[in-house]
Amino acid sequence: MTALYAITDTPIGPFTTIVDDAGVVLASGWTATVDDLVPLVHRSLRPVDIRPAPTLGSVTKAVDEYHRGDLAAVDDVPVAQTSGEFLVHAWKILRTVPAGSPVTYSEFAAMSGRPTAIRGAASACARNAAALFVPCHRVLRIGGALGGFRWGLPAKEWLLAHERG
């Protein structure tokens with residue numbers, strides 16, 4: 001499969017997105033290097049050829065609109081990720097966490113149907129390849145501590161503040 005990638009300037013730095021030939025997001029994050037994203041794509045979905053593009057059409061538009069304040073712009077962008085049953089389900093659940101209403105890892109585990117799987121919930125966030133479109137930044141530690149974020153805690157802080165308005 002051949003995929004495309006584009007880099008979008010955002011207030012928190014460059015944001016790169018890889019999409020498959022149908023325009024489905026395979027990986028994304030705040031980086032200017034597509035090489036940071038390729039290893040995140042599950043081997044069964046990983047394209048053999050990835051080419052730069054000036055824009056990814058509606059995907060790039062959604063990234064721009066989100067960063068300009070339309071927090072729902074990324075909600076319906078299609079994403080493809082695969083792994084075990086729990087992770088795939090957890091990523092779908094993450095997409096239901098509303099902007100401006102972060103949840104704790106415990107709450108996320110419960111929402112995912114496994115209230116005692118707090119480490120599993122954290123793993124779903126850590127293994128999420130499609131940052132922003134699958135908003136793992138909306139999951140916090142108990143007490144509101146940020147926890148981790150692949151793209152850096154300053155980016156997570158910015159995203160959460162942006163979503164609070």
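Analyst: On the H1 side of the contact with H5, the residues are Tyr66, His67 and Arg68. They meet Trp158, Leu159, His162 and Glu163 in H5, where contact means heavy atoms within 4.5 Å. By class, this contact holds three nonpolar, two polar and two charged residues. Here Ala, Val, Leu, Ile, Met, Phe, Trp, Tyr, Cys and Pro count as nonpolar, Asp, Glu, Lys and Arg as charged, and the others, Gly among them, as polar.

The model is predicted, and local features need pLDDT of at least 70, side-chain atom pairs count only at pLDDT 80 or more, while totals for chains, interfaces and linings use all residues. Residues are numbered from 1 along each chain as its sequence is written, and side-chain values use heavy atoms, with hydrogens and water left out.

Helix H1 covers residues 58-68 and helix H5 residues 153-164; they pack at about 70°, with axes 10 Å apart. Helices (H or I, at least four residues) and strands (E, at least two) are DSSP runs, numbered from the N terminus. Axes are lines fitted to C-alpha atoms, for helices over the stretch in contact, and angles run from 0 to 180 degrees between N-to-C directions. H1 is therefore roughly perpendicular to H5, a label for angles of 65 to 115 degrees (under 35 is roughly parallel, over 145 roughly antiparallel, the rest oblique).

From H2, Phe86, Leu87, Ala90, Trp91 and Leu94 meet Gly120, Ala121, Ser123, Ala124 and Cys125 in H4. Eight residues of that contact are nonpolar, two are polar and none is charged.

Phi of Leu132 is near 80°, a positive value in a residue other than glycine. Leu132 counts as buried, at 2% relative accessibility; buried means under 20% relative accessible area, exposed over 50%, partly exposed in between (1.4 Å probe, protein chains only).

As for the whole fold, the protein has five helices and six strands, in the order β-β-β-β-α-α-β-α-α-β-α along the sequence. Of its 165 residues, 46% count as buried. Among contacts with a separation of 6 or more, 55% join residues 24 or more positions apart. The C-alpha atoms fill a box of roughly 40 × 35 × 25 Å, taken along the principal axes.
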